[in-house]
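Trainee: Could you walk me through this chain?
Mentor: Gladly, let's look at it together.

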Amino acid sequence: VGSEMCIRDSVYVDRDTTLWGVSQKYISDEYTNIRAYMEEVKSINHLPDDQLIYGTTICVPYYSDEYRQ
């Protein structure tokens, strides 16, 4: 992936947070499609399905050559 590195960020799950919405925000060109990205997020967080639990925090990966602010 060149000089880019995979970074994990934490996302707080609010009442209106969806896996699809989080995936749209953090997906990068390293993923073939949004479903592939969602599967990685589910794997990292040991989620059995697309449902997120309000009040929890999930880890999301993204590739960057600089940190997100």
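Trainee: How many helices and strands does the chain have?
Mentor: Keep in mind that this is a predicted model. Along the sequence the elements follow the pattern β-α-α-β. That gives a count of 2 helices and 2 strands.

Trainee: How do the axes of α1 and α2 lie relative to each other, roughly parallel or roughly perpendicular?
Mentor: Two packed helices are described by the angle and the distance between their axes. Here the axes of α1 (residues 19-26) and α2 (residues 34-44) come within 10 Å and cross at roughly 110 degrees. Angles of 65 to 115 degrees count as roughly perpendicular. The two helices are therefore roughly perpendicular.

Trainee: Which residues of α1 and α2 make the contact?
Mentor: By class, the contact has 7 nonpolar, 2 polar and 2 charged residues. From α2 come I34, R35, Y37, M38, V41 and K42, and from α1 come L19, W20, S23, Q24 and Y26.

Trainee: Is I58 buried or exposed?
Mentor: I58 lies in strand β2, residues 57-64. Beyond its neighbours within four places in sequence, I58 is in contact with D9, S10, V11, V13, V22, V41, N45 and L52. Buried means under 20% relative accessible area. Because I58 has 3% relative accessibility, it counts as buried.

Trainee: And what percentage of the chain's residues count as buried?
Mentor: The chain exposes about 4,800 Å², with carbon and sulfur atoms supplying 46% of that area. Of its 69 residues, the part that counts as buried is 33%.

Technical notes: Residues are numbered from 1 along each chain as its sequence is written. This is a predicted model: local features need pLDDT of at least 70, side-chain atom pairs count only at pLDDT 80 or more; totals for chains, interfaces and linings use all residues. Side-chain values use heavy atoms; hydrogens and water are left out. Helices (H or I, at least four residues) and strands (E, at least two) are DSSP runs, numbered from the N terminus. Buried means under 20% relative accessible area, exposed over 50%, partly exposed in between (1.4 Å probe, protein chains only). Accessible areas come from the Shrake-Rupley method with a 1.4 Å probe; for residues, only the protein chains shown count as cover. Contact means heavy atoms within 4.5 Å. Axes are lines fitted to C-alpha atoms, for helices over the stretch in contact, and angles run from 0 to 180 degrees between N-to-C directions. Angles under 35 degrees count as roughly parallel, over 145 as roughly antiparallel, 65 to 115 as roughly perpendicular and the rest as oblique. Ala, Val, Leu, Ile, Met, Phe, Trp, Tyr, Cys and Pro count as nonpolar, Asp, Glu, Lys and Arg as charged, and the others, Gly among them, as polar.
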